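Subject: Structure for you to look at

Hello,

Please find the structure below. My notes on some of its helices follow.

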Amino acid sequence: MAPTTDSAGNTEDADAARASLETLRTEIAKAVVGQDPAVTGLVVALLCRGHVLLEGVPGVAKTLLVRALASALELDTKRVQFTPDLMPSDVTGSLVYDTRTAEFSFQPGPVFTNLLLADEINRTPPKTQSSLLEAMEERQVTVDGTPRPLPEPFLVAATQNPVEYEGTYPLPEAQLDRFLLKLTIPLPSREDEIAVLTRHAAGFDPRDLHAAGVRPVAGPADLEAARAAVAETTVSAEITAYVVDICRATRQSPSLTLGVSPRGATALLAAARAWAWLTGRDYVTPDDVKALALPALRHRVQLRPEAEMEGVTTDSVINSVLAQVPVPR
């Protein structure tokens, strides 16, 4: 049966959106060298209306990556530097007394944006960390009993230093579970590091992305069309069962005290669906699930102390689970 005019138009919109999102890598590479997996993860999160936790040592361009993404997508972005003395109202906003009207008015905080960069989120105490929970889950902020919706799209990209670094507060499990993906930002290879220094020697200024040549190549309309197309991506019963079996296997692992929750299973399925669409398919395969298993699950499990002392990592446990769970044919 031939597609209707509407469905044909929707297909064209989706194809155009995919092409625009594929050019993000090239555009962001003008500012950030060698971080294609992180760029892909951020795009997947935007398509799933999820949030991303970026972990890496200081100085590996985590902040620059988020700023370049916002610039290439023409999204409003704000940055909050999380510190030990940061208050929840510094993030969400607060009521301010206006002496002219003798009334309180709401002063929006930096969370009212499209892309919030929560820099070094694990350097602030849990009370302030938790101020983001409602914004991330409900996409609104409640101040003085009044809920205030956040802009759309809305994504929190939180950076954190590895937990063994001095002056950090580990994020509670409930908040970690709200992040769709946890992306690790590695140190660059020798070739990439040479490329970074060569750019700086030639006058590259990370604070001036416009001068670096980063231009908007997609926008909110492309994201909306892409999300609609992702929602139409087929997920078979076998793939759904495969995701469930992977998550249930983590709960039985002798190396873990905490396995993946049902929320984690839905996150893995959503991320695999977005990845399948980005790679040009309208159905999800087991390889899509495997490709997103580490970033979608690594922050949702907790190692036993004895396993951690033996050098076991969450990534190695998840890889072991993937090797053991039967793959659907």
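The buried residues of helix 12 are Gly264, Ala265, Ala267, Leu268, Ala271, Ala272, Ala274, Ala276, Trp277 and Leu278; buried means under 20% relative accessible area with a 1.4 Å probe, protein chains only. Helices are DSSP runs of H or I with at least four residues, numbered from the N terminus.

This is a predicted model, in which local features need pLDDT of at least 70, side-chain atom pairs count only at pLDDT 80 or more, and totals for chains, interfaces and linings use all residues. Residues are numbered from 1 along each chain as its sequence is written, and side-chain values use heavy atoms, with hydrogens and water left out.

Helix 12 has 17 residues and reaches 25 Å from first to last C-alpha, close to the expected 24 Å, which is 1.5 Å times one less than the number of residues. Glycine 280, with a positive phi near 100°, follows helix 12.

The axes of helix 3 (residues 36-47) and helix 12 (residues 262-278) come within 9 Å and cross at roughly 110°. Axes are lines fitted to C-alpha atoms over the stretch in contact, and angles run from 0 to 180 degrees between N-to-C directions. On the helix 3 side, Thr40, Val43, Val44 and Leu47 meet Ala271, Ala274, Trp275, Trp277 and Leu278 of helix 12, where contact means heavy atoms within 4.5 Å.

Regards

Definitions and conventions: Helices (H or I, at least four residues) and strands (E, at least two) are DSSP runs, numbered from the N terminus. Buried means under 20% relative accessible area, exposed over 50%, partly exposed in between (1.4 Å probe, protein chains only).
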